[in-house]
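Please have the view open as you read.

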Amino acid sequence: MYNYGPPSAFPGYPYTFDKYYPTYPYVPITAYPEALILIAQSVGGEREDELFYDYLLSIAPQEQKEIIISIRDDERKHVKMFREIYWQVTGQDLPPAPEVPFERPRNYCGGITKALFGELAAVERYRKILFGFEFLPYRNMITEIYTDELKHASKWNYLFALNCR
């Protein structure tokens, strides 16, 4: 193959194809609107999340409450950050979420398991949100949010190992 253009970052540019399996179909035209929808969905369950964390705190052993409090406080921060991003890019406040009935987990271990898998699902959702934004400050905020979610998953794993053998 002949490369007649200026030197590039990789051989074959611009005539190369993706050599790796695409993990998410990034399409710039649809990624941004999808990101806004996912932000609204992510913030939509904030009231249920508050009730969930309050319940877990009420049944958690005293020495584990600080871990759950730190996770809950991060989640509150994430809601504020997502609301700020949404307002800055649309000029509109996110509408309040509809009230949904809170379902208590069967027990503490059931709550930990639900929380753990909720964090992992959030990482996947937030990665899609990240794909919708090109503006670096927003990408940095979203990166902070999803890395917090990974940290939370590790904390829930720790609590699972302590309590649910």
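A crossing is called left-handed if the near helix is turned anticlockwise from the far one by less than a right angle, and right-handed if clockwise. Helices (H or I, at least four residues) are DSSP runs numbered from the N terminus. What you see is a predicted model, in which local features need pLDDT of at least 70, side-chain atom pairs count only at pLDDT 80 or more, and totals for chains, interfaces and linings use all residues. Residues are numbered from 1 along each chain as its sequence is written, and side-chain values use heavy atoms, with hydrogens and water left out.

Start with α3 and α4, whose crossing is left-handed. Their axes (lines fitted to C-alpha atoms over the stretch in contact, with angles from 0 to 180 degrees between N-to-C directions) lie 14 Å apart at an angle of about 30°. The two helices are therefore roughly parallel to each other; angles under 35 degrees count as roughly parallel, over 145 as roughly antiparallel, 65 to 115 as roughly perpendicular and the rest as oblique. Ile68, Ile71, Glu75 and Phe82 of α3 make the contact with Tyr108, Glu119, Tyr126 and Ile129 of α4, where contact means heavy atoms within 4.5 Å.

Stay with α4 (residues 108-131) and look for α2 (residues 46-59): their axes come within 10 Å and cross at roughly 140°. That pair is therefore oblique, and its crossing is left-handed. On the α2 side you will find Glu48, Phe52, Tyr53, Leu56 and Ile59, which meet Tyr108, Gly111, Lys114, Ala115 and Glu119 in α4. These residues divide into six nonpolar, one polar and three charged. Here Ala, Val, Leu, Ile, Met, Phe, Trp, Tyr, Cys and Pro count as nonpolar, Asp, Glu, Lys and Arg as charged, and the others, Gly among them, as polar.

Now go back to α3 and follow it to α5 (residues 136-163). The axes of α3 and α5 come within 10 Å and cross at roughly 160°, which makes the two helices roughly antiparallel. Their contact has 14 nonpolar, four polar and eight charged residues.

Finally, find the largest pocket, which holds about 570 Å³ of space. Of its 25 lining residues, the closest to the centre are Ser42, Gly45, Asp49, Glu75 and Arg125. A pocket is an open set of points on a 1 Å grid over the protein atoms alone, where a 1.4 Å probe fits, with protein on both sides within 12 Å along at least five of seven lines; lining residues have an atom within 4 Å of a point. The lining has eight nonpolar, five polar and 12 charged residues.

Notes: Points joined across faces, edges and corners; volume = space filled by probe spheres on them.
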